Amino acid sequence: MEELKSEFTYSDGIFGLDQNHRMVTFEETAEFNMNIVNMHTETGISTTYDESLSIELTKNGLMYTLGGYELLPSGERGNRTLVVWQFHPF
């Protein structure tokens with residue numbers, strides 16, 4: 001199975017960024033592990049991203065990723081935060 005994984009690229013997810021754009025993420029072994037495509041013009045970009053971003057969802061031009069743990073007043077570690085990214089069409 002490891003031999004197959006090194007020969008092929010597998011997508012992890014397809015996310016709708018807005019009405020016209022889709023983002024496809026791929027496993028870490030891919031040369032580019034993120035493609036953003038404009039569905040109307042059929043143009044796009046390919047890039048890499050830090051997979052520790054942990055993309056949770058996208059909607060209405062926003063992408064939500066998991067952030068660090070919040071620090072409670074007691075000094076204990078609380079829940080993970082959400083980081084919000086805004087997509088600007090290219």
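Begin by selecting the open sheet of three strands, which has the order β5-β6-β7 with antiparallel pairing; strands here are DSSP runs of E of at least two residues, numbered from the N terminus, and two strands pair if DSSP finds at least two bridges between them. Its edge strands are β5 (55-59) and β7 (77-86), each of which pairs on one side only. On average, neighbouring strands of this sheet are turned by 35 degrees against each other, direction ignored, with axes taken as lines fitted to C-alpha atoms and angles running from 0 to 180 degrees between N-to-C directions.

This is a predicted model, in which local features need pLDDT of at least 70 and side-chain atom pairs count only at pLDDT 80 or more, while totals for chains, interfaces and linings use all residues. Residues are numbered from 1 along each chain as its sequence is written, and side-chain values use heavy atoms, with hydrogens and water left out.

Next, select β5 together with β6 (residues 62-71), which pair in the antiparallel sense over four bridges; here Thr 58 stands opposite Met 63 in β6.

Then move to strand β3 (residues 34-38) and select Asn 38, which is buried, with a relative accessible area of 11% (buried means under 20%, exposed over 50%, partly exposed in between, with a 1.4 Å probe and protein chains only). Leaving aside neighbours within four places in sequence, Asn 38 is in contact (heavy atoms within 4.5 Å) with Asn 20, His 21, Thr 43 and Phe 90. Finally, display the side chains of Asn 38 and His 21, where there is a polar contact between them at 3.4 Å; such a contact is a pair of N or O atoms within 3.5 Å, of which, within protein, one must be able to donate a hydrogen and the other to accept it, and residues adjacent in sequence count only if both atoms are side-chain atoms.
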